[in-house]
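Q: I am new to this structure and would like to learn how to read it. Could you take me through a few features, one at a time?

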Amino acid sequence: MKGMKIMNFKQLGLSDDLIKILNKSGIADPTPIQKQSIPKIRDGKDVIAEAATGTGKTLAFLLPLLENINSKSNEIQALILTPTRELAIQITNEANKLKEFNDINILPVYGGKDIASQLKKLNNNIHLIIATPGRLLDHLERKTIDLSKLKTFILDEADQMLLMGFKNEVESIISKMPRKKQLLCFSATIDSSVKKLAYRYMKDPIEVFIKQDDISLDAIEQDIVETTDRKKRDALCKVLDEDNPFMAIIFCRTKRRVDELEAVLHTRKYNCEKLHSDIPQNKRERIMKSFRNAEIQYLIATDVAARGLDINGITHIYNYDIPESVESYIHRIGRTGRAGESGYTCMFIDPKNIKDVNEIEGAIGFKIRRRNVEI
């Protein structure tokens, strides 16, 4: 492939059957992260890949992984480990859409699922496991899952795994695998601690880095509303009434802020639900299903709860609280304006946020338009 510019999935070496499935889903061309990662993963290399949410990371590892699995073998060949159950469900759904070309068995392993039915399923021939750390460790301790023949291990949202305190669990899980295996780390941000952990277990990893510049913000109209924290709720409601978006996510900084805002919006009769890590798993799944089906207009969420969620149809993103970093801002707003559609984002700031706003504007290269809201 040297000297040839990769333009399509065929040139990446994917099978015609898999390409047909992608085309049926309306996916015709690979994204930058897919172009750079897929050939290396298919060649069996260890990879550390950094790219923002919404750039096609999941398919970047799923496509070559599904091509490499031998469906005739009755061993667990691949494991995808992810920090949240929502993300595990999302990856499982993607994998199930793609697996028809290669008759493989996929087992999702996460809390909230009936462990007895999972164990029964395990008596079948499982090729790929998609799991969260806690429930997988439970299986490993019961010796109901055997990773001794594992060929490929994927750590998804690797930075979150460490931030959310899964480092010990990840190391325990790795200790149950063969020394010789392919290890892939995918994340929206890769800091030095993630790299340190990764390099300890990886062999000459290839680093793939997709710059923020490669993520198009051109399709996203961006506004700022200057207000005060006291008047923020009224300003948000005025904007929601003016915009009446089809589907929107409202981001808050903390679980408490999510709870408070959701209570206010419910009282004011907005069709909304909240999403954060304190909400029971079965309820979170119901909320996400309803949101995907556009039965909920507003999802009020923390960054961690909404991490990695890839939902079609989100037209608006509202930053009720300013994000903690430029990267977080780009990740948040990148959930709209996808697949050729236009999107809109509005951020509510008070005077103490000016320094952070200047940093965001410096990074994206222009001054964000101010929206006048009269309360």
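A: Gladly! Let's begin with a pair of helices: helix 4 (residues 85–98) packs against helix 12 at an angle of about 50 degrees, and their axes are 10 Å apart. Helices (H or I, at least four residues) and strands (E, at least two) are DSSP runs, numbered from the N terminus. Axes are lines fitted to C-alpha atoms, for helices over the stretch in contact, and angles run from 0 to 180 degrees between N-to-C directions. This is a predicted model, in which local features need pLDDT of at least 70 and side-chain atom pairs count only at pLDDT 80 or more, while totals for chains, interfaces and linings use all residues. Residues are numbered from 1 along each chain as its sequence is written, and side-chain values use heavy atoms, with hydrogens and water left out.

Q: How are helix 4 and helix 12 oriented to each other?
A: Angles under 35 degrees count as roughly parallel, over 145 as roughly antiparallel, 65 to 115 as roughly perpendicular and the rest as oblique. Helix 4 and helix 12 are therefore oblique to each other.

Q: Is the crossing of helix 4 and helix 12 left-handed or right-handed?
A: A crossing is left-handed if the near helix is turned anticlockwise from the far one by less than a right angle, and right-handed if clockwise. Here the crossing is right-handed.

Q: Which residues make the contact?
A: Contact means heavy atoms within 4.5 Å. Helix 4 contributes Arg 85, Glu 86, Ile 89 and Gln 90, and helix 12 contributes Gln 281, Arg 284, Glu 285, Met 288 and Arg 292. These residues divide into two nonpolar, two polar and five charged. For this division, Ala, Val, Leu, Ile, Met, Phe, Trp, Tyr, Cys and Pro count as nonpolar, Asp, Glu, Lys and Arg as charged, and the others, Gly among them, as polar.

Q: How does helix 3 pack with helix 4?
A: Helix 3 (residues 57–68) and helix 4 pack at an angle of about 45 degrees, with axes 11 Å apart. They are therefore oblique to each other, and their crossing is right-handed. Among the residues in contact are Phe 61 and Leu 62 of helix 3 and Ile 91 and Glu 94 of helix 4. The contact of helix 3 with helix 4 divides into eight nonpolar residues, one polar and one charged.

Q: How many disulfides are there?
A: A disulfide is a covalent bond between the sulfur atoms of two cysteines. The rule asks for a pair of cysteine sulfur atoms within 2.5 Å, and the count comes to zero. For Cys 252, the closest cysteine sulfur is in Cys 272, 11 Å away, too far for a bond. For Cys 346, the closest is in Cys 237, 13 Å away, also too far.

Q: Is Cys 252 buried or exposed?
A: Buried means under 20% relative accessible area, exposed over 50%, partly exposed in between (1.4 Å probe, protein chains only). Cys 252 counts as buried at 0%, and Cys 346 is buried with 0%.

Q: What should I look for in phi?
A: Most residues other than glycine have a negative phi. Asp 204 has a positive phi, near 45 degrees. Asp 204 lies in the loop between helix 9 (192–201) and strand 7 (206–209) and is exposed, at 64% relative accessible area. Ala 294 has a positive phi of about 60 degrees. The loop between helix 12 (281–292) and strand 11 (298–301) holds Ala 294, which is partly exposed at 33%.
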